[in-house]
Amino acid sequence: MKGLGELERSIMDILWAQSSPLTAREVGRLIAERDLAPTTVMTVLDRLTRKGFLSRIRDGRAWRYEPAESRDSYIAELMLEALEMTGDRSAALTRFAQAVPASEAEILRKALTELEDE
């Protein structure tokens, strides 16, 4: 999975925050502070769809876009890709576990315990 550019990330943030699919026009209104041309928004939405980040459904003459995966799934995939870049996954995981605050380490501990119990 490739990373997202700045504009792609802004658009994904908008779509992740919504509870229902949006049209390009609706996305454009929500990203109004960037003053983008409607064609730019449509181009980025199309690119994100081709990359697999979005799915779309037809709504009359327009498309409605929604994230193909949750933000949490995307972040987890980025973390796994980062682990693949190391020559020593064990060392990288150990360093990561040492770097997170105690409250987050407890979340990791709980998740690992639940996986062991399955």
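Trainee: What do the side chains of D46 and R50 meet in?

Mentor: This is a predicted model, and in it the side chains of D46 and R50 meet in a salt bridge, at 3.1 Å from N to O.

Trainee: Why are D46 and R50 separated by about one helical turn?

Mentor: They are four residues apart in helix α3, and therefore about one helical turn separates them. As a general point, an α-helix has 3.6 residues a turn, so residues three or four places apart point the same way.

Trainee: And is R50 buried or exposed?

Mentor: R50 counts as exposed because its relative accessibility is 62%, where the cut-off for exposed is over 50%. D46, at 27% relative accessibility, counts as partly exposed.

Trainee: How many salt bridges does the structure hold?

Mentor: There are eight salt bridges in the structure. One of them joins the side chains of R47 and E8, at 3.4 Å from N to O, and this pair links distant parts of the chain, since R47 is in helix α3 and E8 is in helix α1, 39 residues apart.

Trainee: Which of those two is buried, then?

Mentor: E8 is buried, because its relative accessible area is 5% and buried means under 20%, whereas R47 is partly exposed, with a relative accessible area of 32%. E8 and R47 are also linked with K51 in a network of salt bridges.

Trainee: Switching to helix α6, how many of its 16 residues are buried?

Mentor: The number buried is one, so α6 lies largely in the open. Its length is also consistent, because at 1.5 Å a residue the helix, residues 102-117, should span 22 Å, and its end C-alpha atoms are 22 Å apart.

Trainee: What about R109 and E106, how far apart are they in that helix?

Mentor: R109 and E106 are three residues apart in α6, about one turn of the helix, and their side chains meet in a salt bridge, at 2.6 Å from N to O. R109 is partly exposed, with a relative accessible area of 47%, and E106 is partly exposed too, at 43% relative accessibility.

Trainee: Last topic, pockets: what volume does the largest one have?

Mentor: The largest pocket has a volume of about 330 Å³. Its lining comprises 17 residues, and A24, R25, P38, V41 and M42 lie nearest its centre.

Trainee: Which element gives the most to that lining?

Mentor: That is α2, which gives four residues to the lining of the largest pocket. By class, this lining has 11 nonpolar, two polar and four charged residues.

Technical notes. Residues numbered from 1 in each chain as written. Predicted model: local features only at pLDDT ≥ 70, side-chain atom pairs only at ≥ 80, totals over all residues. Heavy atoms only, no water. 1 Å grid on protein atoms, 1.4 Å probe; cavity = no way out; pocket = protein on both sides within 12 Å on 5 of 7 lines; lining within 4 Å. Points joined across faces, edges and corners; volume = space filled by probe spheres on them. Helix = DSSP H or I, 4+ residues; strand = E, 2+ residues; numbered from the N terminus. Nonpolar A, V, L, I, M, F, W, Y, C, P; charged D, E, K, R; others polar. Expected span 1.5 Å × (residues − 1). Buried < 20%, exposed > 50% of the residue type's maximum accessible area, 1.4 Å probe, protein only. Salt bridge = Lys/Arg side-chain N within 4 Å of Asp/Glu carboxyl O.
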